[in-house]
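Please read it with the sequence and structure at hand.

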Amino acid sequence: MDNRSDVWRGVDAIKPRFIELSDRVWAMPEVCYTEARSSAEHLAELRHQGFRITENLADIPTAVMGEWGEGGPVIAFLGEYDALPGLSQEAGIAEHRPVESGGHGHGCGHNLLGSSALLAATAVKDWLAANKVPGRVRYYGCPAEEGGAAKAFMVRCGAFEDADIAITWHPHSFWEVAVTPSLANTRADFIFTGRTSHAAASPHLGRSALDAVELMNVGVNYMREHMPSDARVHYALLDTGGIAPNVVQAHARVRYSIRARDLPGMNELVERVHKIAQGAALMTETKVEMKIISAVSNILPNTPLEQTLHRIMEDLGPPHFDDADKDFAGKIRATLTDKDIASVYYAIGMEPTERPLADFLVPIDAKRNPLIGSTDVGDVSWVVPTVQVHAPTVAIGTPFHTWQVVAQGKAPAAHKAMVQAAKAMAGLGVKALMEPELIAAAKADLKKRTTRTPYVSPLPANVAPPLDMSVAERHT
């Protein structure tokens, strides 16, 4: 019996509810740790489907978990539902037209991400019930992926300790197994305190915190020549100390994102940036405090899961897009540059084509030139064998974190891709439940990768989830 076909039919039978869930979440974009309504939507669907509920995971009000089943392996599906600031956009049009000036938008497609992961989990739940197979399926509703590191906090509190494998996906330009590595990442605020004074009458009495921030940025820019080429350091000014140039600014705050290929490399780079901040404070006779906001690990690959998922995605095939889908995607592509389009093809080692939407599976051994970001999925991958699907929810070449992604977030093509992603994830979940040797191989792969470098959370023990980080950012 082909269990995958059964669960794929199960996905098709229930998909309308989850497409509607995705569209509702798209219409209520909520950023890092403020996803109260979006989380409530997922919680309501979990209750409707009969999952046992756990709320407030890791003391995060918008983190939830639903479980169904008894005994057997635990198959985890990871979902997200946070949006991004400043990306408000009407759906279904190929021009920049915000719904709300300065409002939020789902510029990374997490409205689709969470809904599809919950669709996959529900389909596996239904399959378990129909076949009376021992096993448990879990859906983890994970907020604040966009810089808040919620999964890292959830890992630290033990939320994944007894999971056997974890499966997730992400909206993308292509249909593929996600084998691209990610960068470990720390977000830290550097808070400088000086002394205010009259900038003209008594400048000698003042000590400028803003000068310290500027000197720190100069120092970090010089450091770039002397760090690994795949590391990344970038910053945002959160507080410049005021708007009056005739007042010496006594306080200033800058937030740094510090990324490196692995945890040891990231920790070393964080310390170097901290030393530069201390040097800037010394030069300006100010004081500096470093406050870690969040931190995530790099993703560990898992060869047995990746190879099995690739075969499932090959059998399943990419989403079937019709002429209307391709027409809208073509209009979106007209808003992009040739470099946008060439860049994503370069990342998978292919020459650009005229295809508006991806109708092919990227070979798992493609000669990739990855463009690397960061994700808190990385921390899960250090403690549970983890694998990810990429599904083509956008026109090929669409840069993420842009209005174009938001505009496509409710399109029929995006719905088709999220359903196909759910089928791939559910197919892998069922295969793992039926083949304990796959779970054993995945766990052996993880053990081999962590024997020399065991997992240590990148989060300092005294750092709590930054539940107010979006409020602070909105007011600066």
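Two strands pair if DSSP finds at least two bridges between them. Helices (H or I, at least four residues) and strands (E, at least two) are DSSP runs, numbered from the N terminus. By these terms, strand 7 and strand 9 (residues 251-260) pair in the antiparallel sense over 10 bridges.

This is a predicted model, in which local features need pLDDT of at least 70 and side-chain atom pairs count only at pLDDT 80 or more, while totals for chains, interfaces and linings use all residues. Residues are numbered from 1 along each chain as its sequence is written, and side-chain values use heavy atoms, with hydrogens and water left out.

**Overall build**

- The chain has 14 helices and 11 strands.
- The radius of gyration, taken over C-alpha atoms, is 23 Å, close to the 23 Å that the globule rule gives for 476 residues, so the chain is as compact as a globular protein of that length. The globule rule is 2.2 Å times the number of residues to the power 0.38.
- The C-alpha trace spans about 85 × 50 × 45 Å along its principal axes.
- Of the 476 residues in the chain, 57% are buried. Buried means under 20% relative accessible area, exposed over 50%, and partly exposed in between (1.4 Å probe, protein chains only).
- Contact means heavy atoms within 4.5 Å. Among contacts between residues at least 6 apart in sequence, 81% join residues at least 24 apart.

**Surface and charge**

- The accessible surface comes to about 19,600 Å², and carbon and sulfur atoms hold 53% of this surface. Accessible areas come from the Shrake-Rupley method with a 1.4 Å probe; for residues, only the protein chains shown count as cover.
- The chain has 46 positive and 56 negative charges, and their mean positions are 2 Å apart. Lys and Arg count as positive and Asp and Glu as negative, whereas His and the chain ends are not counted. Each charge is placed at NZ of Lys, CZ of Arg, CG of Asp or CD of Glu.

- Seven strands form an open sheet in the order 1-2-4-3-5-11-6, with mixed pairing.
- Strand 1 and strand 6 (176-177) are the edge strands, each pairing on one side only.
- Strand 1 and strand 2 run antiparallel and are joined by four bridges. Ile-53 has Gly-66 of strand 2 as its bridge partner.
- Strand 2 (residues 64-70) and strand 4 (residues 135-142) also run antiparallel, with seven bridges between them. Gly-69 is bridged to Arg-136 in strand 4, and Glu-67 stands opposite Arg-138 in strand 4.
- Strand 2 is largely enclosed by the rest of the structure, because five of its seven residues are buried.

**Strand 7 and its partners**

- Strand 7 (residues 184-193) is mostly covered, with eight of its 10 residues buried.
- Besides its pairing with strand 9, strand 7 pairs with strand 10 (residues 287-296) in the antiparallel sense over nine bridges.
- Asp-189 has a bridge partner in each of these strands: Arg-255 in strand 9 and Lys-291 in strand 10.

**The loop between strand 1 and strand 2**

- Asn-56 is in the loop between strand 1 and strand 2, and Asp-59 is found in that loop too.
- Asn-56 is not a glycine, yet it has a positive phi of about 60 degrees. Asp-59, also not a glycine, has a positive phi of about 60 degrees.
- Asn-56 counts as partly exposed at 38% relative accessibility, whereas Asp-59 counts as exposed at 60%.

**Two buried residues**

- Gln-49 is placed in the loop between helix 2 (36-48) and strand 1 (52-55). With a relative accessible area of 12%, Gln-49 is buried.
- Leaving aside neighbours within four places in sequence, Gln-49 is in contact with Arg-17, Phe-18, Thr-122 and Lys-125.
- Leu-263 lies in helix 6 (residues 263-284) and is buried, with a relative accessible area of 7%.
- Leu-263 and Leu-183 are 80 residues apart in sequence, and their C-alpha atoms are 8.5 Å apart in space.
- Not counting residues up to four places away in sequence, Leu-263 touches Ala-184, Val-296, Ser-297, Asn-298, Trp-382, Val-456 and Pro-458.
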